[in-house]
Amino acid sequence: MKSHAWLIPAVLLATGAAPAQTLSGEALVKALRQGGYVIVMRHTSSPREAPAKQSANADNVNIERQLDEVGRVTAIALGRALRELKIPVGSVLSSPTYRALETVRYAQLGNPHADPELGDNGQSMQGRTAPQAAWLQKRVTQFPTGTNTIIVTHFPNMTGAFPKLAAGVEDGEALVFGSDGKGGAALVARIKIEEWSAMRG
């Protein structure tokens, strides 16, 4: 399967600046290897309802939603692809929800920093707030040097912060933000979870 890393024209978060270049294929891999990007992704596949107590994972003590088999497999494949492509991962920020932290764990992304601003406020799909959206909009303008930041959060938070850019974002799908050169951020790629494994450098 050939990766097409579904792209849309770069749309700036800051108004008035020139668009950043969209990236795909080998150019995208090469850019990510150099670091300096913020990757915002939705946690991988999870049933919409929390499991029954008897079927919950042993460490899911609060009986929250957890990943299903597809979510676990795709998270593992994501982590493997990042390592095989030699894409450096620096800071990992995550929603404190079980399913988001589980995504990080299966992908073996390292120890995440759980930020309440990335959470669902205990309300699953209805948990976003305006301050959370503003926090995420600001966070994607903080670009690392030599590594890439990965942020794992939820559909409502992504669409709240980036209504047009994140429209229809699927389980595990990622928005890749780069600098617009003027202190803001621009979307340079949108990558479905299954596309990471098909990417080549």
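Q: Which residues touch the most other members of the largest nonpolar core?
A: In this predicted model, Leu32, Val176 and Trp196 do so, in a core of 28 residues. Two or more residues each are given to this core by helices H1 (25–34), H2 (69–84) and H3 (98–107) and by strands E1 (38–42), E4 (148–153), E5 (174–179) and E6 (185–191). H1 supplies the largest share, four residues.

Q: Where does another core lie, and how many residues does it have?
A: Another core lies apart from the largest one and has 18 residues, including Val38, Phe162, Phe177 and Ala185.

Q: What does Trp196 touch, not counting residues up to four places away in sequence?
A: Trp196 touches Leu32, Ile39, Leu78, Ala81, Leu82, Leu85, Ile87, Ala174 and Ile191. These count as contacts because the cut-off is heavy atoms within 4.5 Å.

Q: Why is Lys86 called exposed?
A: Exposed means over 50% relative accessible area. Lys86 has 63%, so Lys86 is exposed. Lys86 sits in the loop between H2 and strand E2 (89–94).

Q: What makes the phi of Lys86 worth a remark?
A: Most residues other than glycine have a negative phi. The phi of Lys86 is positive, near 60 degrees, and Lys86 is a residue other than glycine.

Q: How do you know whether Gln108 counts as buried or exposed?
A: Buried is under 20% and exposed is over 50%. Gln108 has 58% relative accessibility and therefore counts as exposed. The loop between H3 and strand E3 (113–114) holds Gln108. Phi of Gln108 is near 55 degrees, again a positive value in a residue other than glycine.

How values were computed:
Residues numbered from 1 in each chain as written. Predicted model: local features only at pLDDT ≥ 70, side-chain atom pairs only at ≥ 80, totals over all residues. Heavy atoms only, no water. Core = buried A, V, L, I, M, F, W, Y, C linked by side-chain atoms within 4.5 Å. Buried < 20%, exposed > 50% of the residue type's maximum accessible area, 1.4 Å probe, protein only.
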